[in-house]
Amino acid sequence: MHTMSLDHLKPGEYSTIRAINAEDGLQQRLNALGFRVGKRVELVRRGRFHGPLHLRIGATEVMMRSTEAHRIQVSQDAGIAHA
């Protein structure tokens with residue numbers, strides 16, 4: 001299983017969260033948004049010039065800075081089918 005940070009996904013790719021390496025405040029905010037180990041996340045699109053990432057986790061859509069996404073380790077899922 002290949003792991004990488006969430007900010008390395010390409011639009012349309014899905015991944016499963018394997019670890020979140022963030023300080024307590026950010027960890028709590030991410031948890032509240034549904035970012036937990038084992039959850040599946042899709043990168044919908046990227047902002048221009050290293051702008052924010054548009055992510056979908058379950059039925060929730062979130063905009064996240066690349067620096068925050070870099071703290072989330074994921075394993076890439078095969079295919080692009082919806083779960």
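Leaving aside its neighbours within four places in sequence, with which residues is L30 in contact? In this predicted model, L30 is in contact with I20, F35, M64 and I72 once those neighbours are set aside, where contact means heavy atoms within 4.5 Å. The place of L30 is in helix α1, and at 3% relative accessibility L30 counts as buried, a class defined as under 20% relative accessible area, with exposed meaning over 50% and partly exposed in between (1.4 Å probe, protein chains only). L30 is also 39 residues from A69 in sequence, while the two C-alpha atoms are 10 Å apart in space.

Because the model is predicted, local features need pLDDT of at least 70 and side-chain atom pairs count only at pLDDT 80 or more, whereas totals for chains, interfaces and linings use all residues. Residues are numbered from 1 along each chain as its sequence is written, and side-chain values use heavy atoms, with hydrogens and water left out.

The secondary structure of the protein consists of 2 helices and 6 strands, which follow the pattern β-β-α-β-β-β-α-β when read along the sequence; helices (H or I, at least four residues) and strands (E, at least two) are DSSP runs, numbered from the N terminus. The radius of gyration of the protein is 12 Å, close to the 12 Å given by the globule rule for 83 residues, so the protein is as compact as a globular protein of that length. Here the radius is taken over C-alpha atoms, and the globule rule is 2.2 Å times the number of residues to the power 0.38. Along the principal axes, the C-alpha atoms fill a box of roughly 35 × 30 × 25 Å.

Of the 83 residues, 40% count as buried. Among the contacts in the protein with a separation of 6 or more, 63% are accounted for by residues 24 or more positions apart. The protein exposes about 5,100 Å², of which carbon and sulfur atoms supply 53%; these accessible areas come from the Shrake-Rupley method with a 1.4 Å probe, and for residues only the protein chains shown count as cover.

With regard to charge, the protein has 12 positive and 8 negative side chains, and the centres of the two sets lie 3 Å apart. Lys and Arg count as positive and Asp and Glu as negative, while His and the chain ends are not counted, and the place of a charge is taken as NZ of Lys, CZ of Arg, CG of Asp or CD of Glu. Side chains of opposite charge can pair when their charged atoms come close. A search of the whole structure finds 4 salt bridges, a salt bridge being a side-chain nitrogen of Lys or Arg within 4 Å of a carboxyl oxygen of Asp or Glu.

One of these pairs is formed by E23 and R71, whose closest N and O atoms are 3.4 Å apart. E23 lies in the loop between β2 (14-20) and α1 (24-32) and R71 in the loop between α2 (66-69) and β6 (72-76), so the pair ties together parts that are 48 residues apart in sequence. E23 is partly exposed, with a relative accessible area of 44%, and R71 is likewise partly exposed, at 34%. R71 is also touched by L26, which has E68 as a further contact when residues up to four places away in sequence are not counted. L26 lies in helix α1 and is buried, with a relative accessible area of 5%; the C-alpha atoms of L26 and R71, 45 residues apart along the chain, are separated by 9.9 Å.

E68 in turn forms a salt bridge with R65, with 2.7 Å between the closest N and O atoms. In this pair E68 counts as buried at 15% relative accessibility, whereas R65 is exposed, with a relative accessible area of 54%.

A further salt bridge joins the side chains of E42 and R56 (2.7 Å, N to O). This pair links distant parts of the chain, with E42 in strand β3 (residues 40-46) and R56 in strand β4 (residues 53-57), 14 residues apart. E42 is buried, with a relative accessible area of 9%, while R56 is partly exposed, at 24%. E42 and R56 are linked with E61 in a network of salt bridges.
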